[in-house]
Amino acid sequence: MKTAKTYLASAISMAMAANPLSAQETDGEKLEEVVVLGTGTTFNSSSVTESMIRQQSTITSVNALIDNLPGVSVNEGDTYGFDDWSTNISVRGFTTSLDEQQIGTTIDGIPNGGSNYGGGSKANRFVDPANIGGVEVSQGTSDIASRSHEALGGTIDYRTDDPLDSSGTRAEVSLGEFDAQRLYFRYDTGTFAGNSKAWISYSNQEATDWITETAENEREHLAAKLVTTLDSGTIKAYVSWDDIHEDNYQRIFSDAQFEQFPEDDFLTGEWTGIPYIDQLYRRGWSTLRENLLGYVQLDVDVTDSLNLEGGVYFHTNEGRGDWVPPYLVDVTDDGAGGQSEFLGGTTANSGASIGRFYYVDASGNALMPNAGCESDIVTIYGRAGTEYDPACYPAGAIPVMSYRHTHYEKERSGLTLDFTHTGDIAGMQNELRGGLWYEDATRDEHRDWHKIADATQGHGFDSTPYWVQYDRSYPQETTKWYLQDSLTIDSLTLNLGVKQFLVDVSREDLFNESPDVTIDSDSDLLLSAGLVWETPLAGAEAFVGYAENFKAIGDNILERPESDLDNIEPETSETIELGLRYDADNLRATATYFRNDFENRIIFLDNNTEAGPDYLIGTNGTYFNAGGIESDGIELLMNYDINEAFNVYASYTMIDASYLGTGDDAVDEALELVPGNDVIGIADQLFAVGLDWSSELFYGGFSTKFTGDRYVDLANTWTADSYMVTDAYLGVNLLGAGEYLSGVNLNLVVNNLFDEDYLGSVVANGAWIGAPRTTSLSATIDF
């Protein structure tokens, strides 16, 4: 079986060996200094600018680039985006986070395969920040052709940049606080064989955490892209391989904790030999992921009036999530002998826990704590029980711990096909679009428990597990089709569209402990409609749009076999947008009113509480549709070129997002859900302003973003206070720096310039502390 690196090498070789058919030089796609406003669309959309990229560290993830766009809020565990566990992206009241996935994500229009922690992948797994060609956010209705299972609240499309026409080599070195460093290399072939061009890049970056400075975070990324120009179209091929190890940040569970310890998540950096304390050892809280994504896309004009676009893609994902529970699970009845889980040599496949043990004697027999003993050990999880305290056991008692691994694997392949036909109807311009998306995917997940070899010394573990808790496979098949017709009558363009998702997801229990099950998650016919009016004022247009959106029931719903699934329905939403946009001369601006009605919200009660994680969870719980969310608000955006040297940017969002009741007062009370309460993690106001300056030699700028109050719990009793974060950058750009150099760029970035203490990512009943002031410096050399 080929490894991911072997597949990647093969794909790169095929891409670089492609034979062009005809020549037509085009410049590589470049980010511009202006905001792209989605002119001519019936929905609001906006894209990142070059200054938005410059104000982020080159070591950061591509997720952070969109934070200043209207309606958008991005929080990550640190400035460098090294923790998927704590990453949170929200758009207009919809969220992609640890416990919610409601925003669609695509890479060059290719679906990302889901954004959830357990087997999903966000955009930073596929695109290196130095290879970004643009990021477009469709805040609400989005384009009808967008492909995602999760797009209840719009879509984010991350676009890789095209190769350059001229050959060249780029090297980049970056250093930052918290032992951050990054190396990046890229080679552009320039145009070769008449009409093709390509690039290949490699990067490696690492950093520790900002709290205890003991984490071992490292990312390795390899990618390549080929563009071949045809007489009537283009062929594009892209492949990326990404391997990352992240040590997580932990959320906090009360406002009192944050007020007393505003820069401490209570994970520890030193191993103590006391399991109750060491379950918080940061290097034992880890995310390991390896992703391989590749696609080939064809865009061809068949006739003057007919365009076809098609693509095929594949994606593999494998990885692991780690925890270090402060005990061994008793899964085998060993009778009078020592505990086999401690002594080793056997693996129990499946089966249920029959208990836990915390200390053993030299023969491996489980020990009981001394009667009447009281523990003095206290952590964020409270006072330890006597079973955890070594002082409550006889001399010579041996502490025991587990290393719990949850293994994720995913393979998916798919194809896309779109057509656009333009013509006239009674002298009026008409455009008919349609398309198909098919994907076949399988996600595998199993969990195994390993004995930590010597709990007094460190978290090294026995490679042979003592227990494989479960092993399941989740096949999923997706088909989407859509049709949309647009008719232009003078200055008015009307469109009407329909789409449908046909999704089947199954669970196959490889231990045959639970019945196999399949859920039909087909959508109804989802309608969309809109209108664009080109006003008499040059550059100004008005638009109104309506769309019905859909999120399929995910395979994560099937992870708990004892859950009742009989009454689960897919989540749906309806979005209305009404806006004005202006794009002319040196000013670009939009004003948008939006309203979202989110129905059939699926809820599951979280297992992570102030008392600590329930490490054994995985078989119980109940999912159900519980009301929904209603939100409305306004978005304002302005981008103004003051002169050739200065540019000012501002965006403002006001949003009112509240919960709808389930219709059952008893269920609402059990959930602590009060109809009308504000939605968890959604700020009522977002305001960003930036000023950027550039000359022939120097450039610089800053941006400040205000984030309003957010609630952390359904009852709205815990408020994450509003905060303001300022980022600043300063750089020098030397062109023609030497005989063999075409350019040298130095860039200094300071994120959170004034070192604001704040709560960043918010999930139900927990929040992560925002990153402190972080300084980084990069040097880029073009040969």
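Is Glu 445 buried or exposed, and what is its relative accessible area?

Modeller: Before the details, note that this is a predicted model, in which local features need pLDDT of at least 70 and side-chain atom pairs count only at pLDDT 80 or more, while totals for chains, interfaces and linings use all residues. Residues are numbered from 1 along each chain as its sequence is written, and side-chain values use heavy atoms, with hydrogens and water left out.

Glu 445 is buried, with a relative accessible area of 4%, where buried means under 20% relative accessible area, exposed over 50% and partly exposed in between, for a 1.4 Å probe and protein chains only. Its partner in a salt bridge is Arg 443, with the closest N and O atoms 2.7 Å apart; the term stands for a side-chain nitrogen of Lys or Arg within 4 Å of a carboxyl oxygen of Asp or Glu. Arg 443 also counts as buried, because its relative accessibility is 2%.

Arg 92 forms a salt bridge with Glu 577, the closest N and O atoms being 2.8 Å apart. Since Arg 92 lies in the loop between S3 and S4 whereas Glu 577 belongs to strand S30 (residues 571–584), this contact ties together parts that are 485 residues apart in sequence; strands here are DSSP runs of E with at least two residues, numbered from the N terminus. Arg 92 counts as buried at 2% relative accessibility, and Glu 577 is buried with a relative accessible area of 0%.

The side chains of Asp 84 and Lys 122 likewise meet in a salt bridge, at 2.9 Å from N to O. This pair links distant parts of the chain, with Asp 84 in the loop between strand S2 (72–75) and strand S3 (88–91) and Lys 122 in the loop between S6 and S7, 38 residues apart. Both Asp 84 and Lys 122 are buried.

Salt bridges also join into a network, whose members are Asp 128, Glu 172, Arg 182, Arg 219 and Asp 242.

How values were computed. Helices (H or I, at least four residues) and strands (E, at least two) are DSSP runs, numbered from the N terminus.
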